[in-house]
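Me: I would like a close look at a single part of this model, taken slowly and step by step. Please begin with one hairpin and the strands beside it, and then go on to other parts of the chain.

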Amino acid sequence: MLAKDIGIDLGTANVLIYIKGEGIVLNEPSVVAIDTDNKKVVAVGREASEMLGRTPGKVKAIKPMKDGVIADFEVTEIMLDYFIRKIHARNFLSRPRILICCPSNITPVEKNAIKEAAERTGARRVFLEEEPKVAAIGAGLDITKPNGNMVIDIGGGTTDIAVLSLKDIVTSASIRVAGNVFDQDIIKFIKEKYKLLIGDKTAEEIKIEFANVYNPDKKKKMEVRGRDLITGLPSTIEIVESETKEALEESLNKIIKSATNVLEQTPPELSADIVENGVVLTGGGSLLTGLVPLLKDKLKIPVFIADTPLTCVVEGTGVLLDDIRSLEEKN
């Protein structure tokens with residue numbers, strides 16, 4: 001049996017896996033639940049995610065990826081090994097070649113940690129590619145020509161911004177402000193204004209279903225349940241849509257500032273291309289309501305969301321795996 005070539009988007013929030021010739025075969029949360037008494041794995045992925053904030057004392061749900069890099073090496077290895085076994089990409093006769101995406105501007109030590117974690121799962125060969133480049137390819141941008149293309153990839157842990165031309169990154173920035181920080185911003189805002197403590201899942205629900213960061217409605221309301229910090233009892237409050245813009249403003253300004261800095265460092269000829277072609281948004285964070293008009297307004301250039309923003313990176317690995325010889329030559 002021939003070994004399978006697989007592409008992995010090892011995200012802070014989710015792990016997506018692509019098998020060459022088969023497409024996307026796995027999309028699960030980057031979570032592992034462990035029994036702290038005997039150190040045994042209780043659950044991985046979707047099942048473990050459902051345990052977040054709901055586990056008994058001895059069971060701990062761990063997110064081993066933080067800000068796009070490995071925060072817990074051992075647990076990341078357990079998670080990768082579990083997912084690779086689940087998709088049957090490895091057997092005793094063959095070992096897969098693996099392409100993994102990582103944020104741009106991470107340190108060599110962080111890159112080695114990602115590579116080593118994949119190698120320890122039994123990979124025959126491991127290749128690393130920078131996330132914004134792979135996201136651009138997955139979004140359908142032709143980065144092979146001498147034209148400027150710009151992508152802003154807003155994931156769970158990092159926002160990667162890059163201008164690409166001739167198959168490579170010309171200027172880029174990677175900041176640790178993305179979907180998870182948006183959740184924490186909402187938690188902090190409600191805690192400070194209403195003295196109500198809410199969990200990560202509630203914050204994520206507000207972000208996805210209710211938040212609006214451009215011309216929000218001051219009359220649109222949402223009920224939010226949590227624990228009253230003064231009485232310690234369960235409580236319900238109402239928030240208005242305009243408050244979500246206020247909660248997320250500081251983080252969004254950081255993304256806008258980074259995008260502006262990347263544009264300022266871009267050669268003039270490529271800048272002219274970007275003014276004409278615009279910026280493509282990828283990643284789950286790009287689905288935040290009002291983000292496209294906000295970026296258009298602040299950056300003064302066209303802004304578009306990719307057709308499949310949640311899967312652009314892993315789809316990009318599929319394109320690169322079709323030309324695996326180029327990866328072998330590069331690495």
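Reply: Strands S11 and S12 form a hairpin, with four residues between them, and this is a predicted model. Strand S11 covers residues 149-154, and its pairing with S12 is antiparallel, running over six bridges.

Leu-164 stands opposite Ile-169 in S13, while Asp-160 has Ser-174 of S13 as its bridge partner.

How many of the seven residues of S12 are buried? Seven of the seven are, so the strand is largely enclosed by the rest of the structure. The side chains can be sorted by direction: Thr-159, Ile-161, Val-163 and Ser-165 point one way from S12, whereas Asp-160, Ala-162 and Leu-164 point the other way, and all of them are buried. Asp-160, whose bridge partner in S13 is Ser-174, is thus counted among the buried residues, because buried means under 20% relative accessible area.

A residue in a helix can be read with the same cut-off. Phe-189 has its place in helix H5 (residues 179-194), and with a relative accessible area of 14% it is buried. Leaving aside the neighbours within four places in sequence, Phe-189 is in contact with Tyr-194, Glu-243, Glu-246 and Ala-247. Phe-189 and Leu-248 are 59 residues apart in sequence, and their C-alpha atoms are 8.9 Å apart in space.

Three strands form an open sheet in the order S5-S4-S6, with antiparallel pairing. Its edge strands are S5 (40-44) and S6 (59-62), each of which pairs on one side only, and neighbouring strands of this sheet are turned by 25° against each other on average, direction ignored. Strand S4 (residues 32-35) is joined to S6 by four bridges, the two running antiparallel, and Ile-34 stands opposite Lys-60 in S6. Helix H2 (residues 73-86) lies across S4, S5 and S6, and runs at about 55° to S5.

Finally, there is the surface to consider. Leu-287, Ile-305 and Leu-310 form a nonpolar patch there, with about 270 Å² of accessible area together. Of these residues, Leu-287 lies in the loop between strand S17 (279-282) and helix H9 (291-299). Is Leu-287 buried or partly exposed? With a relative accessible area of 46%, Leu-287 is partly exposed, whereas Phe-189, at 14%, is buried.

Methods: Residues numbered from 1 in each chain as written. Predicted model: local features only at pLDDT ≥ 70, side-chain atom pairs only at ≥ 80, totals over all residues. Heavy atoms only, no water. Patch = residues over 30% accessible without salt bridge, like charges linked within 9 Å, V, L, I, M, F, W, Y side chains within 5 Å. Areas by Shrake-Rupley, 256 points an atom, 1.4 Å probe, with all protein chains shown as cover. Salt bridge = Lys/Arg side-chain N within 4 Å of Asp/Glu carboxyl O. Buried < 20%, exposed > 50% of the residue type's maximum accessible area, 1.4 Å probe, protein only. Pairing = 2+ DSSP bridges. Axes fitted to C-alpha atoms, helices over the stretch in contact; angles between N-to-C directions. Contact = heavy atoms within 4.5 Å.
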